[in-house]
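Colleague: I would like to learn how to read strands and their partners in a model such as this one. Could you take me through it step by step?

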Amino acid sequence: MTTIDTNTEAAEMPERDPNAVSITINGRTVEAQKGDLIIAAADAADEFIPRFCYHPRMSPVGMCRQCLVEVEGPRGPMMVVSCMTPVAEGQIVRTDTPQVKRAQEGMIELLLANHPLDCPVCDKGGECPLQDQAFSHGAGESRFVEEKRHYEKPIAISELVFLDRERCILCDRCTRFADEVAGDPLISFTQRGNNTQVMTFPDEPFASYFSGNVVQICPVGALTAQPYRFKARPWDLEQRESTCTTCSVGCRTVVQSSRDELLRYQGVDSDPVNWGWLCDRGRFNFQSVNSEDRLESPQVKSGDSFETTSWSAALDTISRTIRHATPGSVAILGGARGTNEDAFMWAQLADAMGVTMRDAQLDDGLPASIFNYSQATIDAACKAATVILLAPDLKEELPVLHIRLRDAAEKKKIRIIEISACETGLTKHAWRSVRAESGTSVTAVQQLMADPVVAAQIASGSVVVVAGRANLAEGAEHTMAAVDAVIAAVPTASVLPALRRGNVRGALTLGLAPQNGNDAVSILEASANGHVECLILLGADPMNDVADADLARRGIAGARFVVAIDTFLTQSAAHADIVLPASAYGEKDGTTMNLEGRVTNVVQKITPRGTSRADWMIAAELGFLLGHDTDVTTLADVQKLMAKKVAGFGTTTTAVAVKRDGVVVSIPTPTRTAFAAPTIAARNSYEFRVDVSRKLYDRAVGTITSPALVNLAPGASVTIHPLDLERVGAAEGANVRVSNNHSSIVLPVRSNEKVPRGTAVVPFNQPGADIRELVRHGDSVVDVRIESM
Amino acid sequence: MARLTEENVRLAREIIGRYPKPRSATIPLLHLAQEQDGHITNDAMAHIGELVGATSAEVYGTASFYEMFKFEPVGKYLINICGTMSCALMGGEELMHHAESRLGIHMGGTTSDGLFTLEKAECQAACTEAPCLQVNYRYRYRVTSENFDTLIDQLQAGELNSEIPAHGTVASVRQHIPADRGVGAVAPEDVTEGPAWLDGKAAL
Ligand code: SF4
Ligand code: SF4
Ligand code: FES
Ligand code: FES
C-alpha cells in the first residue's frame with residue numbers, strides 16, 4: 001500500500017483560530033495571524049507596500065523607511081514602518097493616502113541623492129527594486145544637484161562577489177543574511193556614520209558557501225556575482241522554474257538562459273525546502289553545462305584514444321556485446337546524477353536483461369535500508385524536539401539543509417545532539433556535541449542514551465535522526481548500527497537520510513538499488529575477478545569517487561567491456577570502450593527526488609549539447625535493440641509507465657507539474673530488522689585514525705568544469721591536533737608522510753585544536769595526493785602513521 | 001602586527017568575565033589594544049574576535065564607528081584642537097594655525113619624530129573655557145599661543161608624563177571589579193533575581 005503526502009496547506013479550518021487578527025487595509029478587511037507584520041499581511045492581501053530592507057525570511061530591521069504607511073491611532077492617523085509594526089485587532093491601515101505617498105517619494109529622493117543612477121551599465125537594471133520603485137513610488141525628479149559619491153569600483157569581497165559601494169543603499173540585507181542565515185558574518189557595516197559601507201575585514205574575504213544569495217537579495221546593483229557580471233540584461237533572459245540536483249536537498253531554482261546558453265540560477269522560495277536560498281556550488285555550477293569540454297558525440301576506443309562514431313554504430317556495438325555476454329555478467333553503476341525517468345528506464349532495462357549487479361551509489365553513502373525506517377522531512381526535523389546528527393558536516397555536503405537546521409537551532413525550536421569525529425558547522429549550534437572517533441559511534445550513542453539529562457531531552461518530544469556517511473574511511477555499517485541503536489532506544493524516532501548525490505534517493509527508489517546486498521563494492525570486486533563482461537557507468541566515475549582507489553582501478557580494468565554514459569570524459573570514462581554523451585542538467589525535462597523523498601520537476605532550458613541524449617532515451621533505445629521494447633517514445637510515456645509500475649508515483653507526475661513544493665512520495669515502511677553492531681576495531685600500532693570527509697568544493701566534475709568554482713577547493717592536506725603535530729615533529733604546512741600497510745602518500749600537514757588527539761582529518765577528492773590509496777573497503781576503519789620528512 | 005600580549009589577554013579575560021555575553025567586552029578590549037600599541041592593529045582586532053567569539057569583520061565593523069579608535073599609527077601625543085563655534089569665536093582657528101607652524105605639520109599630520117599628531121575636533125563640551133584642546137583626551141583650557149608652546153616644550157621634555165600617558169591609555173588607574181560583582185555567564189533574559197551582593201538593599 002502506498003500513501004501520498006500531498007502537503008496540502010491545512011484545508012479544513014473549523015472555527016475562528018484564536019490567533020487570527022482582522023485588520024483593515026485600504027478599506028478592505030483582511031485576516032492575519034497574531035504577530036504578523038503589517039507588510040506581510042498586506043502582501044498576503046495583494047496590497048503592495050514598497051520596501052528595500054524587509055525580507056520575509058530575515059528579521060525586520062526598519063532600515064530603509066520606504067515602507068511607511070498610515071495607521072489609525074487614538075490621535076488620528078500616524079506614520080509607521082510597516083515592516084516593524086505587528087498587526088492588531090481592528091487596526092486600520094492605509095497605504096495610499098497623499099501623506100503616505102509624500103513620505104514614500106521623500107524616501108526615494110533621499111536614497112537617490114547618494115545613488116549613482118548608472119542603470120544603463122548596471123547589471124541590476126531591469127530587475128532592480130530601486131529602479132522599479134523609483135518609477136512606481138518616486139516623485140520622478142530630484143532636487144539634488146551636488147556631486148555624487150565616488151568609490152573605487154568594484155571591489156572583490158570574495159572570489160565570487162563584487163561590490164560597487166556607491167550603489168549601496170545600506171539596507172542591511174547582505175550583512176543580515178551573512179549573520180542570521182549563513183552564520184558567516186564576514187561582512188559588516190564599517191565606518192558607520194556619513195561614510196557607512198559594507199566591507200569585509202582587511203584581507204579576509206567573504207568566503208561563505210552561501211555568498212551568492214546576497215547578490216540575489218541586494219535590492220540594487222551594489223553586489224554582483226563574478227560569473228554573471230555583464231553577461232546579460234534581465235530582459236534578454238528566459239527562465240523556467242526547476243530544482244537543483246547538485247546535492248540531494250533539491251533546492252528550488254529558476255534556470256535562466258539567453259541565446260541558448262545557461263547564464264544564471266536564482267533561488268526560488270519553496271517553504272518546505274530551501275526558503276529561497278541556494279549554496280554557491282549549486283548556484284554557479286551552471287558554468288559546467290556550458291563547458292567546452294563537454295562530450296558532444298559518441299566515442300569508440302581505438303587503441304589508446306577515442307574516435308567519434310555514430311549513435312547507431314555505438315548502440316549496435318553495445319547491444320551486441322550485451323547479447324553475447326554470459327547471463328548475469330552485466331553490471332550497472334550509477335544513475336544518481338540523472339532524473340527519476342532516467343533511473344526508472346535503466347532499472348526497467350536492467351530488469352528485462354536480468355541484471356542483478358546494480359548500484360546507484362559508489363560505496364559513498366548508506367545502504368538503501370536506511371529508507372526502511374520511518375522517514376522524516378526537512379520540516380519535521382526543523383520542528384522536532386531533538387535532532388540527532390549521525391551525519392557528515394552538513395555545511396559541506398548538504399548546505400541548505402545546514403541552513404535550515406541552523407535556523408531552527410538558533411531560534412531554539414530544536415535541540416541538536418551531534419555525534420561526530422570532529423567539530424562540524426553545526427557544533428556551535430548543538431545542545432550536545434560529542435566526539436566519537438571513527439568506529440566508535442555505536443558506543444557513543446549508547447553512552448549518550450544512558451545519560452539521564454539526554455534521556456529526558458529525548459523523551460520530551462519527537463526525535464529525528466539525520467543519518468549520512470560522515471567518514472569515507474569508515475564502513476557504512478558503523479553509521480547504520482548507530483542509527484539502529486538510536487531507533488532501538490527511541491522506536492518512535494524517524495530518520496532523514498542525508499545521502500549526498502543529487503537524485504540518489506530517486507535512483508534507489510526507482511530500481512537502481514543493489515539486489516541481495518550486491519553493492520558497488522562487490523560489483524567492482526566481481527569485475528576485478530573477471531566476472532563482469534559489460535560494465536555500464538551511468539554518470540558514475542568510480543576511479544574518482546569510490547573510497548577504495550585500488551578496488552576502483554582493479555574493477556574498471558577487470559571489466560571486459562566498459563560503457564560510460566556521461567557529460568564529460570571522466571577518469572573512469574577514459575577507460576571505457578564506448579562513451580555516450582549524456583544531456584546535462586538544464587538540457588532535459590523530468591523529475592527528481594530529494595533526500596526527503598520529495599518529487600519535483602527539473603526542466604529543459606537549452607538545447608542538449610551536440611548529439612547528447614537523456615539517459616532514459618538511451619535506455620529505451622538500447623532496450624529496443626535488445627528486444628525489450630518498452631514502447632516509450634516521449635517523456636510522458638515514461639512517466640505514465642513509471643506511475644503504473646512504481647509504488648507512490650501514481651499521482652506525482654501530474655501533481656508535480658502544478659506545484660512548486662512537489663510531492664513527498666512515502667513508501668510504506670517495512671518493519672525494522674535489528675542490525676548487528678559491528679565490533680569496534682581496536683587501535684593497532686598506527687597512531688592516527690583517519691577521518692576522510694567531504695568539502696563543498698572538491699574535484700567533482702561539475703565543480704572542476706566551472707571556472708568560478710574550480711579554484712575554491714582547499715586542496716589535499718592532513719589536519720591533526722597541535723600537540724600531535726608537535727609529537728610528529730613537523731612544522732605547520734610542511735610535508736609529512738602518511739602511511740599504512742597498503743600505501744604511503746605525502747601531504748602537507750596542518751594543525752587545529754578542534755581535531756581530537758589521535759585523529760587525522762583528510763578531505764576527500766581534493767587536488768593533490770590521494771588518501772584513497774590508503775583506504776581498503778575491507779577495513780572498517782583506517783589507521784595510519786604520520787612521519788615528518 | 002601585534003596581537004594582545006599575555007598580560008593583556010589575562011586582563012581581557014577578566015574584562016570579558018564582567019559581562020553576561022563575551023561580545024559586550026568588544027569596546028573595552030579595543031581600548032586595551034589601543035593602549036598596547038597606540039593604535040588598533042588588524043591582528044589585535046582578529047585576536048579580540050577570537051576572545052569574544054566574533055568574526056574579525058564584526059570587530060572591525062564596531063571599531064570603525066568610533067573616531068577615537070585609530071587604525072594607523074598616531075603620535076605619542078594626539079592633540080585635538082576644538083574647531084566648533086565657541087572655540088572658533090575665541091581664537092580656535094588662530095590656535096590651529098599656530099600649532100601647525102610650531103609643529104611643522106598640517107592638521108591630521110604627525111611629526112617626523114612620532115611625538116605629535118594634530119587633529120581638528122568637534123565641540124569638546126568645554127565651551128566656557130574656549131578655546132580648548134585635548135592631549136590624549138586630557139583637557140587644556142583657554143589655550144593661547146604661548147600656552148601651546150609651553151605645553152609642547154613640557155611634553156617634549158617629558159615633564160607631563162605622570163599627567164598625560166602615551167596615546168591609548170584611557171586611565172592610569174585600572175578599574176577593578178571584584179569577581180562576585182559580575183553577573184557571570186548568564187544571559188540577561190535569564191536573570192530573574194537581583195545579584196547576591198545587593199542582598200535586600202533596594203536598588204531603585
Ligand atoms: S550591498 Fe546591497 S544588500 Fe548590502 S546593504 Fe548595500 S544595498 Fe543592501
Ligand atoms: S544545497 Fe544542494 S540542492 Fe541546494 S543549491 Fe546547494 S547543491 Fe543545490
Ligand atoms: S522595508 Fe520597512 S524600513 Fe525598510
Ligand atoms: S566649542 Fe569648543 S568645546 Fe564646545
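Modeller: Bear in mind that this is a predicted model. We can begin with strand 30 of chain A, which pairs with strand 34 (residues 759-763) of chain A in the parallel sense, over five bridges.

Colleague: How should I understand such pairing, and which residue is the bridge partner of A:Arg689 in strand 34 of chain A?

Modeller: As a general idea, the strands of a sheet pair through backbone hydrogen bonds, and they do so either parallel or antiparallel. Here, the bridge partner of A:Arg689 is A:Thr759, in strand 34 of chain A. Strand 30 of chain A also pairs with strand 35 (residues 783-788) of chain A, in the antiparallel sense and over two bridges, and in that pairing A:Phe688 stands opposite A:Val784.

Colleague: Which residues lie on the one side of strand 30 of chain A, and which on the other?

Modeller: In a regular strand the side chains alternate between the two faces of the sheet. In strand 30 of chain A, one side carries A:Phe688, A:Val690 and A:Val692, while the other carries A:Arg689, A:Asp691 and A:Ser693, and because buried means under 20% relative accessible area, both faces count as covered, with all of these residues buried. Six of the six residues of this strand, 688-693, are buried, so strand 30 of chain A is largely enclosed by the rest of the structure.

Colleague: What is the strand order in the open sheet of three strands in chain A?

Modeller: The order is 12-13-14, with antiparallel pairing. Strand 12 (238-243) and strand 14 (261-267) of chain A are the edge strands, each pairing on one side only, and neighbouring strands of this sheet are turned by 30° against each other on average, direction ignored. Strand 13 (residues 252-258) of chain A is joined to strand 14 of chain A by six bridges, and A:Val255 stands opposite A:Tyr265 in strand 14.

Colleague: How many helices and strands does chain A have, and how can I judge its overall form?

Modeller: Chain A comes to 25 helices and 35 strands, and buried residues make up 60% of its 789 residues. For the overall form, one may compare the radius of gyration with that of a compact globule: with 789 residues such a globule would have a value near 28 Å, and chain A, at 28 Å, agrees with this.

Colleague: Which residues come nearest to ligand 1?

Modeller: Of the 13 residues around ligand 1, those that come nearest are A:Cys168, A:Cys171, A:Asp172, A:Cys174 and A:Cys218. The shell around ligand 1 divides into 11 nonpolar residues, no polar ones and two charged.

Definitions and conventions: Residues numbered from 1 in each chain as written. Chains lettered and ligands numbered in written order. Predicted model: local features only at pLDDT ≥ 70, side-chain atom pairs only at ≥ 80, totals over all residues. Heavy atoms only, no water. Pairing = 2+ DSSP bridges. Helix = DSSP H or I, 4+ residues; strand = E, 2+ residues; numbered from the N terminus. Axes fitted to C-alpha atoms, helices over the stretch in contact; angles between N-to-C directions. Near = heavy atom within 4 Å. Nonpolar A, V, L, I, M, F, W, Y, C, P; charged D, E, K, R; others polar. Buried < 20%, exposed > 50% of the residue type's maximum accessible area, 1.4 Å probe, protein only. Rg over C-alpha atoms; globule rule 2.2 N^0.38 Å.
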